[in-house]
Amino acid sequence: MSRVGDFVRRLRGKPRRQAPGAMPTVRYATSPLLASRTPPWRVKFLIGMIGLGFAVLIGRAAWIQIIHNDFYLKQGASRYERRIELPAARGRITDRHGELLASSVPAPSLWAIPKDMDASDAELRKLAKLLAMPLSDLKKRLASNPNFVWLRRQVDDDVAQQVAALKIDGVYELRESKRQYPEGEAAAHVVGFTNIEDQGQEGIELAYQKQLAGHDGVRHVIKDRLGRVVESVGDLVPAEDGQPVNLSIDAKIQFYAYQCIRDAVAEHKAKAGSVVVLDALTGEVLALANVPSYTPADRRNLTGAQLRNRALTDTFEPGSTMKPLVVSIALETGRVKPSTIISTAPGRLTVDGSTITDSHPHGDLTVEEVIQKSSNVGTAKLALQMQPREMWDMFTAVGLGQKPQLGFPGVVTGRLRPYKSWRRIEQVTMSYGYGLSASLFQLAQAYTIFATDGTLTPVTMLKRGGLEELDGGSPNVKATKAALRAAESGEANRYAAGDPVPVLGHRVISPETARAVRKMLSMVTGPGGTAPKAQAVGYSVGGKTGTAHKQEGRGYSGNKYRAWFVGIAPINKPRIVVAVMVDEPGNGVYYGGEVAAPVFSKVVQQTLNRLGVLPDLAVQPKIVQAELESF
C-alpha cells in the first residue's frame, strides 16, 4: 500500500513521506552542483589526452619492435645463442730454403672450475706435482676464483694424459697451440718469440705480427642447457690463417755464425759478441747472431743481457773501421792517390793541444799503407785536408746516424752530430772512429759500398722475391720493396751466370775508388797488415780491424775494449760482407786482428761454401805444402 501511496503523491507533486530516522533523498535534477553542464573544452581535453596516451604507446611499441630492435634481439639471442671462436693458425717462419724457424703445434691447456672440484689432499698433491708447482700455490690459485682458473697452459701431452688419469671432477682440458723454434738459441734474436696468447713479443714474431696472426673466424650456434650444440645460426665466418714469412736468413749459416761467435766469446772470456753476414749483391741478411742468447721456447730466468739483439740495438765508437771511408773521400776528391806518401813520423800528432798517436811509429807511409798499418796519424792528416761537411756527407751517405731500413724492432740510429758543431780535434778523432757511434749492422751495410763498386746496398730480412706475398707489414716493408725493385740488370754482367742480380741503392763513390780501397782492405789481411788471421782457406778476403776503449761515463775505461773486424770476400768479385764484434775480451788479448778476425775467417769460409762460390785462391793440402818447403 505504501508503494501505491508514494506513486499517487508523485503524480500530485507532493513529496514522499519519509520514515522516521531515514536519510533524506537527493533530487539530482534540482541539485545546483550536479545540474551544471560540463564545458566542451574539458571533454575535448580528456579525449585528446587519452588519444595522446595511445599514440605514445603505439610509438614506443614501434620503436622497440621495428625501428630500434637490435638491442632487444641481441638480448634475446644471448639467452640461447653462443659465439664460437674459430682460431686462425699462426703463419710459419722459414729460412731462405724453406727450413722451419718457427711453427705452431697443438698443445693442451688445463683449467678448472674450483666450485665443482671434489679432490682429496692426496689427489691435489699428485695434481700439483704434475703441474710442477707447490701444493700451496695450487690451493691459492683454486681459491682465487670459484668459477674458472687456469691450472697450466700449453703443457706436454703426457702431462695432460696423466692429469686426465686422475679423474678429478672440475678439471678440464682445452686444445690450444704453441710456437716451436727448431733452431733454438742460434736464431733467437732473429725470430723472436710470442707470449702465451700467441702475440709476437720480439724479433720477426713482433715485426710481422699482422701477417703471421691472420684473422680468427666465428660460428654462431644454439646450445642446450647441457652445452651441446643444437643448431648453427647465421653465416659462418671462416678463419684466415696467418701468412708465412720467408726470411733471407740461411739456417745453416746462421747456426755456424752463432757457433763461431759463441766459441770466441768463451775463448777470450768476453762479455758478449755479435756477427752479421750480408749478401753484398742483394742486401739480404744471411745471418745475425748474438751471444749471450736464449732458448725462445723456454724463457724462464731470462735476463735483459740475453734478450738484447746487440748487433742492432747496441752502438759503440767504431774506431779504425772508419778509416777506409775517410780515405775514400780523399781519393774521390783527387787530393791523394793510393801511392801518395804521407809522413807519420814520429808516430804522433798534436792538434789543438791534444796528441794523436799510433800504436807503433811508421815513418813515411803511402795511402795504401795508412790503411794497411791502421795509422791514426796518417788518417788524421788526411782528415785535416777536408771540410767537416765532406766527412759528414760521406758518413750519412753510408747510413750512419740513421736507422737501417730493416723493418725490425729495436733498430737504433747511432750518434752523428751536425758537422757545423764539430771542433777541429773532433773532426780528427772522428776520422779514426771516436766521437760518433754506430751499430755493428750499420758498419756491415756501410762496407757494401766497397763490395758493389760504390753503391750502398739496401738491406732486408726477407728473402728477395718473397715480399710480394706480404701485404703491408711493418712500416719499412714498402721501403724495402722499393729498394729491391731497384735492381739494374745491366750491372749483373760482371757476375757469373747463376749469381743473384745485384740490388742497387744510391751511388756513394766511383767504381775506381771502391776498387782502390778494396785493394787496401786486402793488404790489411796480408803480410804486414793488422789482420793476417782473417785469411780464409781458398778465398781472397779484405777488411779492416777496429779496437777501441769502452766509454764509461764521460771518459774511457783503461782496461775495457771492444774488438771488431769488418770485411768482404772474395776480394776481386765480392759476394758477402761479414762484421764481427767482441765486447770486453778478458784474457789479455783485445786487438781486433787477434780476437775478431779469426771469427771472420771461419764464417767467410763456411758461408761461401754454402753459397756455392768457387774458391779464387789455390789451395794446397798442408802435407803437400810441407813437402814442397822441405826441398
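Pro-570 is found in the loop between β18 (555-569) and β19 (576-583), and in this predicted model the peptide bond that leads from Ala-569 to Pro-570 is cis, with omega near -20°. A cis peptide bond also joins Ala-345 and Pro-346, where omega is about 0°, and Pro-346 lies in the loop between β13 (341-343) and β14 (348-351).

**The chain as a whole**

The protein chain has 631 residues, of which buried residues make up 46%, and its secondary structure comes to 24 helices and 19 strands. Among contacts between residues at least 6 apart in sequence, 71% join residues at least 24 apart. The average pLDDT of the protein chain is 85, and 83% of the residues score at least 70. Over residues 466-497, however, the pLDDT is below 50, although this stretch has 60 contacts in the model beyond near neighbours in sequence. The pLDDT is also below 50 over residues 621-631, a stretch with two contacts in the model beyond near neighbours in sequence.

**Backbone features in loops**

**A buried threonine**

Thr-525 lies in the loop between α21 (511-524) and β17 (542-552), and because its relative accessibility is 3%, Thr-525 counts as buried. When its neighbours within four places in sequence are left aside, Thr-525 is in contact with Ala-531, Pro-532, Ala-534, Gln-535, Val-541, Gly-542, Gly-543 and Phe-565.

**A pair of packed helices**

Two packed helices are described by the angle between their axes and the distance between the axes. Helix α13 (residues 323-332) packs with helix α16 (residues 388-397) at an angle of about 120°, and their axes are 10 Å apart. The two helices α13 and α16 are therefore oblique to each other, and their crossing is right-handed. On the α13 side, Leu-325, Val-326, Ser-328 and Ile-329 take part, and they meet Glu-390, Met-391, Met-394 and Phe-395 in α16. Sorted by class, this contact of α13 with α16 has six nonpolar residues, one polar residue and one charged residue.

Definitions and conventions. Residues numbered from 1 in each chain as written. Predicted model: local features only at pLDDT ≥ 70, side-chain atom pairs only at ≥ 80, totals over all residues. Heavy atoms only, no water. Axes fitted to C-alpha atoms, helices over the stretch in contact; angles between N-to-C directions. Helix = DSSP H or I, 4+ residues; strand = E, 2+ residues; numbered from the N terminus. Parallel < 35°, antiparallel > 145°, perpendicular 65-115°, else oblique. Left-handed = near helix turned anticlockwise from the far one by under 90°. Contact = heavy atoms within 4.5 Å. Nonpolar A, V, L, I, M, F, W, Y, C, P; charged D, E, K, R; others polar. Buried < 20%, exposed > 50% of the residue type's maximum accessible area, 1.4 Å probe, protein only. pLDDT = per-residue confidence, 0-100.
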